[in-house]
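Visitor: I would like to go through this model with a few direct questions. Please end each reply on the value or name I ask for.

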Amino acid sequence: MLKLRNISKTYGRAQVKAVDNVNLDIRPGEIFGFLGPNGAGKTTTIKMIVGLLKPDEGVITIDGVNVWEEPLKAKSMISYVPDNPEIYDRLKGIEYLNFIADMYGVSKDDRRKKLDYYLELFNIKDAVGDIIASYSHGMKQKLVLTSALLNDPKLFILDEPMVGLDPKSAFNLKEIMRKMCDEGRIVFFSTHVLEVAERLCDRIAIINKGKIIAMGTMEELRSHAEERESLEKIFLELTE
Amino acid sequence: MMRKIWSLIKTDFNTTFGLSSIGYSIKNKKNRWQLILFGIAMLTLIPSYVFMVGSLSSMYDIYAQIGQKSMFLLSGFLSAQILVFIFGLLYVMSKYYFSNDLAQLVPLPIKPSYIIGSKFATLMISEYLTSLPIILPFIIIYGSKNGEGPLYWIYSLFLILFLPVAPLVLASIVVMFFMKYTNIGARKDLIRTISAVFFIILMIYVQMKIQTLAQKSIVQGSDFLVSLIKDSNLLVKRLGVSFPPAQWAALTLANNLSISGATNLIIFIGVAIISFLLMIFLSEYLFFDGLIGNIEVSATKGRGKKIDTSELSRETKPYLALAKKELIMLFKTPIYLINAIGGVIMFPIILVMTNSMGGDESLSAIIEVMGVESGYITLGCIGFVTALGMINCVGCTTFSREGKCFWIQRTLPIRVEDQIIGRVLSSLGVQGLGIIALLVSSIFIVKLDIVSIVLIIILGLLGSIPMTQIGMIIDILRPMLDWDNPQKAMKQNLNVLISLGAGTLYLGGLVLLVINIIDKFYISFIYGLLALIFILSALVLFKVLKILISKQFQLLE
């Protein structure tokens with residue numbers, strides 16, 4: 001269970017609240033979509049969950065573990081895929097994967113099984129012997145995804161995961177997300193692609209100017225909106 | 001056209017010195033305690049600097065006694081310009097060829113010379129940071145002790161302003177030729193790095209050779225003393241040949257009241273401007289040839305050798321994995337390789353070279369007097385290796401080098417202890433190479449027995465641990481993560497300078513201690529004491545680092 005309680009974050013002297021008193025409860029086995037226009041506070045919220053930005057106020061817990069008080073314990077339950085994967089480009093793909101696996105303490109057999117599976121699935125098995133600097137944006141993205149799947153995370157957080165992926169990999173990723181939910185894990189992702197959110201998510205939250213302005217299943221969101229059609233219309237109406 | 005150039009320079013200044021982001025962080029009032037700690041760390045530079053200035057003052061007196069005061073000025077200009085040149089080689093290579101903004105600049109409709117021109121302008125500012133701390137004490141000591149008039153100070157201003165131009169132009173031209181003609185093959189990074197290290201060693205060798213030859217030719221002349229008295233600029237004229245601009249600068253100030261001062265100033269400035277124009281002209285032909293193909297990375301796209309399945313299941317302890325990652329990054333990023341590994345290999349070679357080839361055999365003489373058995377040599381080598389532990393810059397740049405990839409370290413469940421041990425181990429790995437370089441090059445001046453070698457290795461490595469840790473403390477207080485070219489994470493990082501200051505204090509303290517007790521105790525006691533101090537300080541610093549890293553990993557944004 002991922003819980004955010006009264007989370008706020010302010011940047012700079014201007015005292016602009018990037019995230020303003022956000023509360024979220026996400027249950028195991030849920031795919032949770034986090035939507036909002038540019039600069040709404042999506043990435044800031046995600047960074048606070050994964051330990052990159054300390055919230056000014058509020059508490060974040062995963063299965064009861066406070067992310068900011070027991071970071072090590074919390075981090076070993078989380079995998080994070082940022083929107084723009086800046087990774088060690090002088091390492092070979094395989095060196096990077098092994099490094100991440102070592103940090104999560106993934107066992108030999110587990111590592112081999114997972115690497116075999118995901119490298120095949122994302123079609124990068126032949127590339128992992130090359131240095132990362134030679135990869136395209138999409139390949140880097142797939143490498144980061146693979147590395148994030150090595151440790152069986154309880155909470156899988158992705159910031160704009162579909163950007164840069166080819167259709168087949170995007171499809172595979174969606175399958176993986178579904179499968180993880182079936183195993184009782186939490187998938188939390190932000191996106192601009194409303195279609196993906198609409199089709200994939202169990203629940204959706206829409207954030208605007210740092211505040212959650214709507215949250216619920218697609219059905220619930222529809223019932224709140226005036227024009228009860230697509231998520232696109234609901235989104236446009238709410239974030240106006 | 002002017003607008004284009006101006007806009008390029010402005011943007012480059014802004015990104016290089018992070019003006020916009022400084023503005024942003026000043027507005028952001030958090031993290032104040034780090035700034036305070038950082039300020040205290042900066043103060044450690046002062047004693048070393050005061051000591052340096054003090055010894056310069058007595059150097060002036062010596063030259064004044066033999067009536068060659070201008071030689072004092074030459075030493076200043078020569079050391080400032082040579083340092084600008086050597087740093088220039090590193091800066092230029094990084095800024096012209098390995099900077100991230102190139103991918104945006106190259107496709108724009110601007111001439112190569114504009115890009116080079118604007119990059120040169122920002123490098124000049126960085127070079128002032130190198131040249132000012134060196135040349136200012138020379139100029140001020142000479143000027144005040146000699147009671148110089150206003151013209152001296154006005155001329156000084158011009159000289160200081162134009163001082164970095166000629167050496168930086170020279171560095172630019174050398175690097176541009178170098179990059180153009182080494183732009184070959186898949187292993188060009190390695191080829192370039194190795195040849196760059198050799199080139200720098202060769203340059204220093206040539207410099208020293210010229211100096212010695214000039215020295216010998218002066219002394220050998222039968223009327224040496226007579227001409228020394230007759231011409232108060234004799235030494236400058238003879239020794240300045242190794243880098244004429246330094247000679248012109250020294251002569252400008254020494255003769256500031258006569259016409260020769262003005263002429264030398266005009267030559268100094270004129271040559272700077274003409275050489276700059278020449279470099280701009282050459283850049284049109286050289287720059288893109290060295291650059292294109294530099295951005296490309298050789299990939300096999302699966303056609304290369306398949307990875308071994310055993311690589312898919314290689315388990316390593318976290319701290320070892322971290323050390324391995326650090327070392328791979330250090331070895332595979334050319335700029336890091338030259339700075340860190342190049343440094344630890346170059347310094348011992350230069351040390352030996354200055355002694356055995358430069359004609360100045362004082363080191364050998366000292367060794368002969370003291371004898372190998374006395375332990376002085378071993379102690380000296382231990383001190384040298386320990387100093388390399390700071391000079392290698394691995395510790396004081398370890399977090400800064402993460403740059404935009406720092407998120408990886410912060411989101412992974414890595415224990416702080418593993419962070420520290422892993423990063424210290426990577427520094428010790430580099431130190432290993434330095435020790436090999438030292439031991440191999442020391443063969444030429446002294447025969448070390450096996451006990452000394454073992455002592456140098458063990459105590460040298462032990463001493464390198466606190467040195468690395470001091471660097472890490474300074475780096476974690478204010479890591480420079482937002483860089484666009486890797487040189488900024490290395491020598492252009494203020495943390496490096498501050499760590500050198502703090503390291504000098506630590507090592508200086510130990511040297512003083514050893515000097516004070518060396519006659520009173522057995523040498524083996526001193527070795528034991530050193531080991532104890534190294535271990536204790538490593539433990540204390542480990543604790544400090546643990547607190548700081550945990551705190552900073554949460555606070556950094």
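Visitor: How many residue pairs are in polar contact across the interface of chain A and chain B?
Guide: The model is predicted, and side-chain atom pairs count only at pLDDT 80 or more. For polar contact, with both residues at pLDDT 80 or more, the number of residue pairs is 10.

Visitor: What area do chain A and chain B bury between them?
Guide: The size of an interface is often given as the accessible area lost when the parts come together. The contact takes 49 residues from chain A and 45 residues from chain B. Carbon and sulfur atoms carry 61% of the buried area. Between them, the two chains bury about 4400 Å².

Visitor: Which residues of chain A lose the most area to chain B?
Guide: Three residues of chain A head this list, and together they make up 18% of what that side buries. They are A:Y88, A:R90 and A:M103.

Visitor: Which element gives the most to the side of chain A that touches chain B?
Guide: The elements that give two or more residues to that side are strand 1 (2-11), helix 2 (71-75), helix 3 and helix 4 (108-121) of chain A. With 9 residues, the one that gives the most is helix 3 of chain A.

Visitor: Which residues have the most contacts inside the largest nonpolar core?
Guide: In soluble globular proteins, nonpolar side chains tend to be buried together. The largest nonpolar core here has 96 residues, and its largest share, 8 residues, comes from helix 3 (residues 93-104) of chain A. The residues with the most contacts inside this core are A:L2, A:Y96, A:F188 and B:I408.

Visitor: Which residues of chain B is A:Y96 in contact with?
Guide: Neighbours within four places in sequence are left aside. Among the contacts of A:Y96 within chain A are A:I87, A:Y88, A:L91, A:I132, A:L143 and A:S147. From chain B, the partners are B:W407 and B:I408.

Visitor: How many residues are in the second, separate core?
Guide: This core includes B:A340, B:I382, B:L428 and B:I549. The number of residues in it is 66.

Note on methods:
Residues numbered from 1 in each chain as written. Chains lettered and ligands numbered in written order. Predicted model: local features only at pLDDT ≥ 70, side-chain atom pairs only at ≥ 80, totals over all residues. Heavy atoms only, no water. Core = buried A, V, L, I, M, F, W, Y, C linked by side-chain atoms within 4.5 Å. Buried < 20%, exposed > 50% of the residue type's maximum accessible area, 1.4 Å probe, protein only. Helix = DSSP H or I, 4+ residues; strand = E, 2+ residues; numbered from the N terminus. Contact = heavy atoms within 4.5 Å. Buried area = accessible area lost by both parts, 1.4 Å probe. Polar contact = N/O pair within 3.5 Å; in protein donor to acceptor, adjacent residues only side chain to side chain.
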